[in-house]
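Here is a short briefing on one protein model. Look over the sequence and the structure first, then read the points below.

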Amino acid sequence: MRTIDDDCIFCQIANGKIPTHMVYEDDDVAAFLDAGQVTYGHTLLVPKYHLKDIFAYDDEDAQTVFARLPKIARAVRAAFPDSQGVNILNNNGELAGQSVFHSHIHIIPRYSTDDDFDLKWQPQPEGTYSDQELDALAEKIHAQIKES
């Protein structure tokens, strides 16, 4: 059931109760400039109804929200022709960097390696895990997919 949380800032923004710099909206989603611009043009895409994170999505929610993502990303890229790329991020949980607990997708235009945005991770060296360990890992995830 799709509901709005009156205490959620993104529900309020997406439903016109708090002013924002809206770039797109329809009956189900809103896209607006992030108040804390990481780079020039940093945009958020959110459902207009409350979903805490990706784990709250069902198939219909995923189709509703993610179907709009390419359109918004293309618009952001076209609006800033000097950008060299776009990062698309979705943080789920506090440890993963989620600070507003209403599902949202960041669309962040990239201008240079010095544009105040950085996303780093250190991959494990190839061979850290044996084929048997990777097979077991894949099977563990596959089993959860079959159960859902």
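Does Tyr57 count as buried or exposed? Tyr57 counts as buried, because its relative accessibility is 12%. Buried means under 20% relative accessible area, exposed means over 50%, and partly exposed lies in between (1.4 Å probe, protein chains only).

This is a predicted model: local features need pLDDT of at least 70, side-chain atom pairs count only at pLDDT 80 or more, and totals for chains, interfaces and linings use all residues. Residues are numbered from 1 along each chain as its sequence is written, and side-chain values use heavy atoms, with hydrogens and water left out.

**Aromatic pairs**

- The count comes to 3 aromatic pairs. Rings of Phe, Tyr and Trp (its six-membered ring) pair if their centres lie within 6.5 Å; planes under 30 degrees apart are stacked, over 60 edge-to-face, and the rest tilted.
- One of these pairs is Tyr40 with Phe80: the ring centres are 5.3 Å apart and the planes stand at 75 degrees, so the pair is edge-to-face.
- This pair links distant parts of the chain, 40 residues apart. Tyr40 sits in the loop between strand E2 (29–33) and strand E3 (43–47), and Phe80 in the loop between helix H3 (69–79) and strand E4 (85–89). Helices (H or I, at least four residues) and strands (E, at least two) are DSSP runs, numbered from the N terminus.
- Tyr40 is exposed at 62% relative accessibility, whereas Phe80 is buried at 17%.
- Tyr57 and Phe66 form a tilted pair, because their ring centres are 5.9 Å apart and their planes are at 50 degrees. Phe66 is partly exposed, at 31% relative accessibility.

**Helix H3**

- Leu69, Ile72, Ala73 and Val76 are the buried residues of H3.
- Seen down the axis of H3, these residues fall within an arc of 100 degrees, so they line one face of the helix. The arc is that of the directions from the helix axis to the C-beta atoms.
- The buried residues of H3 pack against strand E1 (22–25), E2, E3, H2, E4 and strand E5 (105–110). Contact means heavy atoms within 4.5 Å.

**Asp61**

- Asp61 lies in helix H2 (residues 59–66). Asp61 is buried, with a relative accessible area of 6%.
- Not counting residues up to four places away in sequence, Asp61 touches Arg2, Tyr49, Leu51 and Ala56.

**Leu134**

- Leu134 belongs to helix H4 (residues 131–147). Leu134 is partly exposed, with a relative accessible area of 39%.
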